[in-house]
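Please look over the structure below. The briefing then takes up its domains, sheets and helix packing.

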Amino acid sequence: MADPAQLPENPGGPGRHAGRRRKIVLSESALTVTLFLTVALGLLQDPRLLESGSILTGLLLHLVVLAACVAIPWSGVPVRAALIIPLLDFAVIGFIRSGAGESLSGVGLLAAFPVVWLAASQVSMAVAVGVSFVGSVSLVWVPLLLSGDDLVLRDFLQPFLLPVMLTGLAVFVSALTRDRRNQQEALRASKAALRASSEAGRRREQLLGTVLDTVDVGVLAVDADGHDILMNARQRAVHAAAAPAGNDDPNEAQLLVYGPDRETLLPPEERPVRRAVLGEDLTAEQVWLGEGRSQRSLSISSRSMVDEDGAFVGTVVSFMDVTDLALALHAKDDFLSNVSHEFRTPLTSILGYLELTMEAIETTESFPPAVQGYMEVARRNALRLEQLVEDLLAINAGTFQVRREECDVGRILSEAASSVRVKAARAGVEVVNATPPGLVAVADPVRLAQAVDNLISNAVKYNRRGGTITLQAGIDDNCLRVEVIDTGIGIDAVDLSHVFDRFFRSPSVRTSTVPGVGLGLLITKTIVIEHGGTISVTSEPGVGSTFTMRLPQDGATAGAL
Ligand code: ADP
C-alpha cells in the first residue's frame, strides 16, 4: 500500500498537493474495493447480510470516509492528522465484522489495510505497533463485550490470533519503512554532498581558469602520453611566437627552439618540453623561441604528476618570459668585454713606460729618492688594474685554458704562502703552510697557483689582526685536496651559496673599504671545474672560513717526491 500520510504539507507547489490527495484516495479505494467484494461474496452465501444494521453502518461510515478523502483539501491538513483515516477504517471493519459474524469469515483481515497505512506512516514504530495492536484487539473484543453474553477467558483468547497477526504485520512494515527511510535519507545526504562537491569543483575550476589567465607566466599541462590537457592564454601566445613563418599549427618538433647562443636549433630530444613530457623535472632551463627581432627568451620549469601508485600521469610546465633580463645581462657582458679590451692596450703601454721610467730613475742620481717610491705605487696599481682586466676578459670568455701536468704542489703552495706573507704581516695575520713538502699531483701549475692565490688573498682581506691562515693539502680518494683555512670574519649562511656567483660581494664587505669586485672566487671555481674538480666552502660568522678544492687525479702519478 502507498504511504499517503508521508507526503509533506507543502513540499513543492500544487502538483504535490494533488499527488497527496490522489495517494490518500487511492489507498482508501483499495480498502473500498476489497471491502465491497468481500461483502458481495458474503451476500452470495447469505443474502440477509444487508439486513444487519451494523454492516450497513460500517459500509456507510466507509463511504463517508472515502468521500472525506476526496473532499478534504489535504494541502492545509497536518500530515499526522491524515492518520485519522486508517483509525476510522478500524471502526468500519469492526462494524462489518460484528454484523457479519461467522458468515463473513476473514473480514477481520481487512484490518491489514489500516495497519499497513499506519506502519508505513511517519509515526514512530512504537506508536504504529501500539495503535495497530489496540485497533485489532478492539476489532475482536469490542463486539464480544457488546454482545451481553456471559464471557469466559476462552472467549477472549479464541479470536486473539487476528490481533497477533496484524501486530506482527505492523512490526514488519514499520521495520521495512524505517529501513527505506534511512536509505532515502542516506541517498539524499549523498546527493547533497555530491552536489556540494561538484559545485565546489566547478568553482575551483573557474578560479584556476581565472588565475591561469591572469598570471604573466605560460602554463602547460600534459598527460602521460604528451597530449595537452591545459594551456593558458599566455602559453598560447608563447606557442605562436615559436611557430615557423607560414605554419599556424606546428607540432613540438617544428617549433623554433634555440639554445643560449640564440642560433643553434635544439634537437627535439633536448627540448625542455619534450624532456618534461618524458618525466624529467626541470628548473629554470633557458631557451630562445622564434627568430629575429621577435625572438623571446624563456625560463622553463616543470614538475611531474604521479598517481597514488607513484605512476607518472603527466607534467605541468611553466614558461617565464625573461627576454628583458637576458638582453640586459647580455648588454652588461658586452659592455664589460668591450671596456676591458679598450683598457688593455693603454694599460700595457702605461706599464711598459712605467718600467722604462723606473729603470731610468734607478740610473739617474738627480731624481729625489721619494720619486722611485711613487713610481712603485703607480706600477703596483697599474698591475692590479691589468689583473682585473685579464679576469674580466677570462670570465667573459667563459673558460680558462688548463694544461694538466705532473707538478710540485708543495712548492706551488709554499710560493703562494711566501708571496702573501708580507701583505699578511701588514694586516697582522699569520700564514701557516702545513702542506707536506714535495707533494706531487697532476694539475695546471699556473692555474692552480692562480686559484690558490685568490683563496689566500681573500683569507687575508677578510681576516682580522691576530688571525691566522693555514694551508693544507694532500691526496685523498684519488683527488688532490687543497684547503685554505682562515680565522677571519666568516660568511653568513644566507650568503654562503652565492660567494661563487659573478660580482657577488657580501653586504657587510660591500660597505667596507676592502677592495674587490666579486670575481676572484668565480675565477677560482672556473679553474677547478676546468680540472674536472669541485670547490666547497664551510664558514661560521665571526669564527672563520674553510675553502676546499678537490682535483681528480684519474690514477695519474701522484704522491710525494
Ligand atoms: P672579492 O674578494 O673581489 O669581493 P671574491 O669572488 O673573491 O670577490 O669573493 C666574493 C665574496 O665572498 C667576497 O666579497 C666576500 O664577501 C666573500 N668571501 C670570500 N672569501 C672570503 C673569506 N675567506 N672570508 C669571508 N668572506 C669571504
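What follows is a short briefing on a predicted model, grouped by topic.

This is a predicted model, in which local features need pLDDT of at least 70 and side-chain atom pairs count only at pLDDT 80 or more, while totals for chains, interfaces and linings use all residues. Residues are numbered from 1 along each chain as its sequence is written, and side-chain values use heavy atoms, with hydrogens and water left out.

**Domains**

- The domain assignment divides the protein chain into domain 1 (4-191), domain 2 (216-321), domain 3 (323-400) and domain 4 (401-552). Such bounds come from an automatic or database domain assignment.
- Between the C-alpha centres of domain 2 and domain 3 the distance is 45 Å.

- Six strands build an open sheet with antiparallel pairing, in the order 2-1-6-5-4-3. Helices (H or I, at least four residues) and strands (E, at least two) are DSSP runs, numbered from the N terminus. Two strands pair if DSSP finds at least two bridges between them.
- Strand 2 (228-231) and strand 3 (257-258) are the edge strands, and each pairs on one side only.
- Strand 5 (residues 296-306) and strand 6 (residues 312-321) run antiparallel and are joined by nine bridges.
- Leu298 has Asp321 in strand 6 as its bridge partner.
- Helix 8 (residues 233-241) lies across strand 1 (218-223), strand 2, strand 4 (285-289), strand 5 and strand 6. Helix 8 runs at about 90° to strand 1. Axes are lines fitted to C-alpha atoms, for helices over the stretch in contact, and angles run from 0 to 180 degrees between N-to-C directions.
- Helix 10 lies across strand 4, strand 5 and strand 6, at about 95° to strand 4.

- Five strands form an open sheet of mixed pairing, ordered 8-10-11-13-12.
- Strand 8 (430-433) and strand 12 (534-540) stand at the edges with a single partner strand each, so one side of each has no neighbour in the sheet.
- From one strand to the next, the twist averages 15°.
- Strand 12 pairs with strand 13 (residues 544-552) in the antiparallel sense, over seven bridges.
- Opposite Ile535 stands Met549 in strand 13.
- Helix 12 (residues 409-426) packs on this sheet and touches strand 8, strand 10 (468-476) and strand 11 (479-486). The direction of helix 12 makes about 170° with that of strand 8. Contact means heavy atoms within 4.5 Å.
- Helix 16 (residues 520-530) lies across strand 12 and strand 13 and runs at about 25° to strand 13.

**Helix 4 and its partners**

- Helix 4 (residues 112-119) and helix 5 (residues 125-146) have axes that come within 9 Å and cross at roughly 165°. That crossing makes helix 4 roughly antiparallel to helix 5. Angles under 35 degrees count as roughly parallel, over 145 as roughly antiparallel, 65 to 115 as roughly perpendicular and the rest as oblique.
- Helix 4 passes helix 5 in a right-handed crossing. A crossing is right-handed if the near helix is turned clockwise from the far one by less than a right angle, and left-handed if anticlockwise.
- Val115, Leu118 and Ala119 of helix 4 meet Ala128, Val131 and Ser132 of helix 5 in this contact. By class, the contact has five nonpolar, one polar and no charged residues. Ala, Val, Leu, Ile, Met, Phe, Trp, Tyr, Cys and Pro count as nonpolar, Asp, Glu, Lys and Arg as charged, and the others, Gly among them, as polar.
- The axes of helix 4 and helix 7 (residues 161-214) come within 8 Å, crossing at roughly 30°. Helix 4 and helix 7 are therefore roughly parallel.
- Helix 4 and helix 7 also make a right-handed crossing.
- Helix 4 contributes Ala112, Val115, Val116 and Ala119 to the contact, and helix 7 contributes Leu166, Leu169, Ala170, Val173, Ser174 and Thr177. Eight of these residues are nonpolar, two are polar and none is charged.

**Helix 10 and helix 11**

- The axes of helix 10 (residues 323-363) and helix 11 (residues 369-397) come within 8 Å and cross at roughly 155°.
- The crossing of helix 10 with helix 11 is left-handed.
- Their contact holds 16 nonpolar, six polar and eight charged residues.
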